[in-house]
Amino acid sequence: MHEAASTQEGARQATQPAQQGGSAPTGGEGTKASVFVANMDPACLETDLRLFFADCGAISRVTILKDHITKQPKGSAYVEFESEESINAALLLNNQQYRGRPLKIAAKRDAVPANMR
């Protein structure tokens, strides 16, 4: 039993560095190639954001934030690109009017736990 646990721990440690420093995401892992978009028209759809950011680079995912109770859009979203170079192109679109509103675009920040601030 102790030997099996030791083997599992060794396997976990062997895969850990690859997960931390890997260049390409796999499965549910996110990338650092994302921007936060605020001040959106609540009627804005995923397809609208994909069209708006199409010239910035290939988009792998768009997440429109919704109220967890009403399920209504909050007017903000995350756009994840396939490459980090796309972030600079997306940031150039900051304050550009879309559906009558100046979009606020910023590089996505990593979440920092409260006890680490």
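Which residues line the second largest pocket? The close-ups below start there. This is a predicted model, where local features need pLDDT of at least 70 and side-chain atom pairs count only at pLDDT 80 or more, while totals for chains, interfaces and linings use all residues. Residues are numbered from 1 along each chain as its sequence is written, and side-chain values use heavy atoms, with hydrogens and water left out.

**View 1. The second largest pocket and its lining.** F36, Y78, A106, A107, K108, R109, D110 and A111 line the second largest pocket. A pocket here is an open set of points on a 1 Å grid over the protein atoms alone, where a 1.4 Å probe fits, with protein on both sides within 12 Å along at least five of seven lines; lining residues have an atom within 4 Å of a point. Its volume is about 150 Å³, taken as the space filled by probe spheres set on the points, which are joined across faces, edges and corners. Sort the lining and you get five nonpolar, no polar and three charged residues (Ala, Val, Leu, Ile, Met, Phe, Trp, Tyr, Cys and Pro count as nonpolar, Asp, Glu, Lys and Arg as charged, and the others, Gly among them, as polar).

**View 2. D41, D48 and R99 in one salt-bridge network.** A salt bridge puts a side-chain nitrogen of Lys or Arg within 4 Å of a carboxyl oxygen of Asp or Glu, and the count comes to four. D41 pairs with R99, with 3.7 Å between the closest N and O atoms. That pair links distant parts of the chain: D41 sits in the loop between β1 (34–38) and α2 (46–52), and R99 in the loop between β4 (97–98) and β5 (101–102), 58 residues apart. Helices (H or I, at least four residues) and strands (E, at least two) are DSSP runs, numbered from the N terminus. D48 also bridges to R99, this time at 2.8 Å; D48 belongs to helix α2, 51 residues from R99. D48 is buried at 12% relative accessibility, whereas R99 is partly exposed at 42% (buried means under 20% relative accessible area, exposed over 50%, partly exposed in between, with a 1.4 Å probe and protein chains only).

**View 3. E80 and R61 across two strands.** Here the closest N and O atoms of the salt bridge are 2.8 Å apart. E80 lies in strand β3 (residues 73–81) and R61 in strand β2 (residues 59–66), so the pair ties together parts 19 residues apart in sequence. E80 is buried at 10%, while R61 is partly exposed at 40%.
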